[in-house]
Amino acid sequence: MVVVGIIMFVIAAVSILLGIMQLLEKGPLLNNAWLYADEEQRRTMNKRPYYIQSGIVFVMIGIQFMMLGFFALTKMKVFLILQFTVIGIMVITAVVSAVVIEKKQKKKVE
């Protein structure tokens, strides 16, 4: 299980690094809104809120994998509970931020 724990920590490190890069608005924008946008939308899109949204989610994914790594090494169920808590918070954060971004964009158009 040590190998599994190490793999989880490596995935966590990569996810947190991606999240930090997204929060600093460096590198490609890894967000569905950007990936599915056509050329015209990409030219006019305010990317900042999407970078922030992606950054927060990637950091939370990293924390979730870190909790899995700790569980793999210690077998303490508290890490599973924390992992599922982080997943719940992550899903809520992603949905709420998507709604907020959409409302702000609609308000700009009107």
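Predicted model: local features only at pLDDT ≥ 70, side-chain atom pairs only at ≥ 80, totals over all residues.
Me: Thanks. Switching to pockets: what volume does the largest one have?

Reply: The largest pocket comes out at about 280 Å³.

Me: Which residues line the largest pocket?

Reply: Its lining is made of Thr44, Met45, Asn46, Pro49, Ser97, Val100, Ile101, Lys104, Gln105 and Lys108. Helix 5, residues 77-109, gives the most to this lining, with 6 residues.

Me: How does the lining of the largest pocket split by class?

Reply: There are 4 nonpolar, 4 polar and 2 charged residues in the lining of the largest pocket.

Me: Now the second largest pocket. What is its volume?

Reply: For the second largest pocket the volume is about 190 Å³.

Me: And what lines the second largest pocket?

Reply: The lining residues are Leu30, Asn31, Asn32, Ala33, Tyr50, Gln53, Ser54, Val57, Ala94, Ala98, Ile101 and Glu102. You'll also find Ile101 in the lining of the largest pocket.

Me: Which helices supply at least two residues each to the second one?

Reply: Helix 2 (32-35), helix 4 (48-74) and helix 5 each supply at least two residues of that lining. By class, the lining of the second largest pocket has 7 nonpolar, 4 polar and 1 charged residues.

Me: Great. On to charges, then: how many salt bridges are there?

Reply: The count comes to 2 salt bridges. In one of them, the side chains of Arg48 and Glu25 meet, with 2.4 Å from N to O. That pair links distant parts of the chain, as Arg48 is in helix 4 while Glu25 is in the loop between helix 1 and helix 2, 23 residues apart.

Me: How accessible are those two, Arg48 and Glu25?

Reply: Arg48 has 48% relative accessibility, so Arg48 counts as partly exposed. Glu25 is partly exposed too, with a relative accessible area of 32%.

Me: What about Arg43, which residue forms a salt bridge with it?

Reply: Arg43 pairs with Glu40, and their closest N and O atoms are 2.5 Å apart. Both residues lie in helix 3, residues 39-44, and they are 3 residues apart, about one turn of the helix.

Me: Is Arg43 buried or exposed?

Reply: Arg43 counts as exposed because its relative accessibility is 60%.

Me: Last topic: where is Leu68?

Reply: You'll find Leu68 in helix 4. With a relative accessible area of 22%, Leu68 is partly exposed.

Me: And what separates the C-alpha atoms of Leu68 and Ser15?

Reply: Those C-alpha atoms are separated by 13 Å, and the two residues are 53 residues apart along the chain.

Terms used. Residues numbered from 1 in each chain as written. Heavy atoms only, no water. 1 Å grid on protein atoms, 1.4 Å probe; cavity = no way out; pocket = protein on both sides within 12 Å on 5 of 7 lines; lining within 4 Å. Points joined across faces, edges and corners; volume = space filled by probe spheres on them. Helix = DSSP H or I, 4+ residues; strand = E, 2+ residues; numbered from the N terminus. Nonpolar A, V, L, I, M, F, W, Y, C, P; charged D, E, K, R; others polar. Salt bridge = Lys/Arg side-chain N within 4 Å of Asp/Glu carboxyl O. Buried < 20%, exposed > 50% of the residue type's maximum accessible area, 1.4 Å probe, protein only.
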